[in-house]
Amino acid sequence: MRRLSSKSRSSRKSRTSRTSRATHLTAAVAVLALAAAGCGKTSNEASQEDEGKDNGSAGSSYKGKGIGLAYDIGGQGDQSFNDAAYAGYTKARKEFKIGGVDMEPGDGESSADKIQRLEQLAKQGYDPVIGVGFVYAPAVEAAAKKFPKTTFGIIDDNTVKSANVADLVFHEEQGSYLAGVAAAKASKAKHVGFVGGVDIPLIHKFEAGFVQGVKSVDPKIKIEKRYLTEKPEEGGFSSPDKGQNAASGQIESGADVIYHAAGLSGQGVIQEAGSQKKWAIGVDSDQYKQKALAKYKDYILGSAFKDVGGAVYDLTESVVEGKPMTGEQRYDLKSGRVGFSDSNPKYTAMKDVVAAVEKAEKDIVSGKVKVKIVP
């Protein structure tokens, strides 16, 4: 089964007990039942008593046990996509004073394993139940039919059409366009690179936006492109060593700014770029702020983020308030849920780069620039 990295797992500390021995036994049984489902591992579980008695501020209309979150490949600790979802999960639990459980994927698991995991979460009373990543589409569809009174969410997929499902999707290409503009303006070699985790349509959107952004600054800039694997199960989103090797090759070819859309594998891209004192551009989360990448943060120009955590929070809020969000929810630059982070002081000091990115953002929001979704 796929396991959480030891660094992430060691950082998670158990809460001080405030419940009776009987309550702890009940919670433990629930966790074991969930862990057994679909060969997944339970990362974290907290009963409602941990966050506030009788759901606290959630209000009398909310009858659920809390949020059920099922991670994508790479799991929690990827410093990117899954961690962004976890941030929204923890924020929602804290603000609404509800419980929750987040679960890891298993190595080489089947769609049936994912279905069983989501169904167990719904059966235990978690609401909403959220699948982090397009790989959960078949599982969300199946579980939603079996538990019509539970609200399900899926991130990065809009194919599941059900009255109790929210498809949480983003205009990734827009943030990637801004990354392309920043890369082109910051490159001294007039040579940049793109590393995609897996050769699939979703990641093609990142490439398309990035390339278009680069070319909008200078059509003559050379662009290196590399996909790590053809299929997700081959490790394209979960192998930092693959990302490091790809970045090394692109730097050797002359690239001095590299943008990745590769999940956990992107850590390797950033580490290699930083070690060679070249610019890296992160993805999904603001990777400049990630503790695991602190050693290299001076070389993280910025990140093309999408607020996955905000989407998780939005869906939870809607359920808690008794007005569950359903159907396609598409986040973009205008909503503020897609963008380019500017946390690095070295980036903000580059006034011409910042100005170019800000102008590009205005042009996209106004409709002056239409960003491609296919390379």
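## Y259 and the main core

In this predicted model, Y259 touches S176, A179, G193, F194, V195, F206, F210, I281, G282, V283 and A304, leaving out residues up to four places away in sequence. Contact here means heavy atoms within 4.5 Å. Y259 is one of four residues, with I155, I203 and F210, that touch the most other members of the largest nonpolar core, which has 68 residues. Helix α7 (residues 172-186) gives the most to this core, with eight residues.

A nonpolar core is a set of buried Ala, Val, Leu, Ile, Met, Phe, Trp, Tyr and Cys residues joined through side-chain atoms within 4.5 Å. Buried means under 20% relative accessible area, exposed means over 50%, and partly exposed is in between (1.4 Å probe, protein chains only). In soluble globular proteins, nonpolar side chains tend to be buried together.

## Basis of the model

Residues are numbered from 1 along each chain as its sequence is written, and side-chain values use heavy atoms, with hydrogens and water left out. As the model is predicted, local features need pLDDT of at least 70 and side-chain atom pairs count only at pLDDT 80 or more, while totals for chains, interfaces and linings use all residues.

## Overall content

The protein has 13 helices and 13 strands. Helices (H or I, at least four residues) and strands (E, at least two) are DSSP runs, numbered from the N terminus. Of the 375 residues in the protein, 58% are buried. Among contacts with a separation of 6 or more, 70% are between residues 24 or more positions apart.

## I203 in helix α8

I203 belongs to helix α8 (residues 201-217). Its relative accessibility is 4%, so I203 counts as buried. Apart from neighbours within four places in sequence, I203 is in contact with F194, G196, G197, V198, Y227, F237 and A261. The C-alpha atoms of I203 and H260 are separated by 9.9 Å, and these two residues are 57 residues apart along the chain.

## Helices α7 and α13

Two packed helices are described by the angle between their axes and the distance between the axes. Axes are lines fitted to C-alpha atoms, for helices over the stretch in contact, and angles run from 0 to 180 degrees between N-to-C directions. Helix α7 packs with helix α13 (residues 351-366) at an angle of about 155°, with the axes 9 Å apart. α7 is therefore roughly antiparallel to α13. Angles under 35 degrees count as roughly parallel, over 145 as roughly antiparallel, 65 to 115 as roughly perpendicular and the rest as oblique. The crossing of α7 and α13 is right-handed. A crossing is right-handed if the near helix is turned clockwise from the far one by less than a right angle, and left-handed if anticlockwise.

On the α7 side the contact is made by Q174, Y177, L178, V181, A182, K185 and A186, and on the α13 side by D352, V353, A356, V357, A360, E361 and I364. By class, this contact of α7 with α13 has 10 nonpolar, one polar and three charged residues. Ala, Val, Leu, Ile, Met, Phe, Trp, Tyr, Cys and Pro count as nonpolar, Asp, Glu, Lys and Arg as charged, and the others, Gly among them, as polar. Q174, in helix α7, is buried at a relative accessible area of 12%. Beyond residues up to four places away in sequence, Q174 touches D332, L333, V338, I364 and V371.

## Helices α5 and α6

The axes of helix α5 (residues 111-124) and helix α6 (residues 137-146) come within 8 Å and cross at roughly 40°. α5 is therefore oblique to α6. Their crossing is right-handed. From α5 the contact takes S111, K114, I115, L118 and E119, and from α6 it takes P138, A139, V140, A142, A143 and K146. The classes in the contact of α5 with α6 are seven nonpolar, one polar and three charged residues.

## Backbone details

D127 and P128 are joined by a cis peptide bond, with omega about 10°. P128 lies in strand β4 (residues 126-132).

K277 is in the loop between α10 (266-275) and β10 (279-284), and K277 counts as exposed at 62% relative accessibility. D284 is in strand β10 and is buried, with a relative accessible area of 9%.
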